[in-house]
Amino acid sequence: MLTPKIYKCRPLAALRTGAMRQSLLLSAHKGLQVCTAAMLFGFRIVDDMIDGLSHWMDEKGYRRLDDFRGKAVANTVNWNDLNMNFDTKAVIDSEKCIECGRCHIACEDTSHQAIRFDTAVDGSRSFTVIDEECVGCNLCAMICPVPECIEMRPVDNGLDYVTWENHPLNENPSP
Ligand code: SF4
Ligand code: SF4
């Protein structure tokens, strides 16, 4: 069993989900910050996170954090080399949706108003992503309480691969 240590310190990285926690550790972080999740669910969420991480480590055959910390670093690239035209859209699985409406509220109030909801005569609600409005910010997928209900799916938008170095908005390209 892992032992939590709670420090008052400057956060190194923020996390919201188990997958993010593993990703941050894989990318060599030594400190993880829990803030909003603790406000929402109380400090007992730390026990849940430790439990989830312990199970994940058992599945993977890791005994210590250092067995996997930093393993993903070799797969990272400089952000300047990323494709600025890479595009993803949110896709909602209506079979898994519990109609809570959190995705709609999050997108409507703090993102791009890209999730429409309709109410059927029997009172059931359906949520649909408006592709033309979706900017792929991922907020709805993070806020959805049902695992894998919202998938961020890469789309081919027909645009060329453009890095920030060659982007028309870059006013200071390298000489
Ligand atoms: S990814 Fe962002 S913009 Fe697209 S539907 Fe979700 S919250 Fe809205
Ligand atoms: S947050 Fe998830 S479960 Fe809730 S309405 Fe949206 S897609 Fe459905």
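What covers the buried residues of H4? In the predicted model examined here, the cover includes strand E2 (115-119), strand E3 (125-129), helix H5 (139-143) and strand E4 (150-155). Helix H4 itself spans residues 102-110, and within the helix Cys103, His104 and Cys107 are buried. Seen down the axis of H4, these buried residues fall within an arc of 100°, so they line one face of the helix. On the face of H4 turned away from the buried side lie the exposed residues Asp109 and Thr110.

The protein as a whole contains five helices and four strands, and from the N terminus on these elements follow the order α-α-α-β-α-β-β-α-β. Of its 175 residues, 10% count as buried. Among contacts between residues at least 6 apart in sequence, 62% join residues at least 24 apart.

The largest nonpolar core comprises 13 residues, of which Ala90, Cys103, Ile115, Cys140, Cys144 and Ile150 touch the most other members. To this core E1, H4 and H5 each supply at least two residues. For Ile115, the residues touched, not counting those up to four places away in sequence, are Cys103, His104, Cys107, Glu108, Phe127, Thr128, Val129 and Cys140.

Val91, placed in strand E1 (residues 87-92), is partly exposed, with 15 other C-beta atoms within 10 Å. When its neighbours within four places in sequence are left aside, Val91 is in contact with Val129, Ile150, Glu151 and Arg153. Val91 and Thr128, although 37 residues apart in sequence, lie 8.1 Å apart in space, C-alpha to C-alpha.

Ligand 2 is surrounded by 13 residues, the closest being Cys97, Cys100, Arg102, Cys103 and Cys144, and its shell divides into 10 nonpolar, one polar and two charged residues.

Glu99 is in the loop between E1 and H4 and is partly exposed, with 13 other C-beta atoms within 10 Å. Asn138 is in the loop between E3 and H5, where it is likewise partly exposed, with 13 other C-beta atoms within 10 Å.

As to confidence, the protein averages a pLDDT of 84, and 84% of the residues score at least 70. Over residues 4-15, however, pLDDT stays under 50, and for this stretch the model has 19 contacts beyond four places in sequence. Where pLDDT is low, the predicted coordinates should not be read in detail.

Technical notes: Residues are numbered from 1 along each chain as its sequence is written. Chains are lettered from A and ligands numbered from 1 in the order in which they are written. This is a predicted model: local features need pLDDT of at least 70, side-chain atom pairs count only at pLDDT 80 or more; totals for chains, interfaces and linings use all residues. A residue is buried if 20 or more other C-beta atoms lie within 10 Å of its own, exposed if 12 or fewer, and partly exposed in between; C-beta atoms are placed from the backbone. The arc is that of the directions from the helix axis to the C-beta atoms. Two residues are in contact if their C-beta atoms, placed from the backbone, lie within 7 Å. A nonpolar core is a set of buried Ala, Val, Leu, Ile, Met, Phe, Trp, Tyr and Cys residues joined through C-beta atoms within 7 Å. A residue is near a molecule or strand if its C-beta atom, placed from the backbone, lies within 6 Å of it. Ala, Val, Leu, Ile, Met, Phe, Trp, Tyr, Cys and Pro count as nonpolar, Asp, Glu, Lys and Arg as charged, and the others, Gly among them, as polar. pLDDT is the predictor's confidence in each residue, from 0 to 100.
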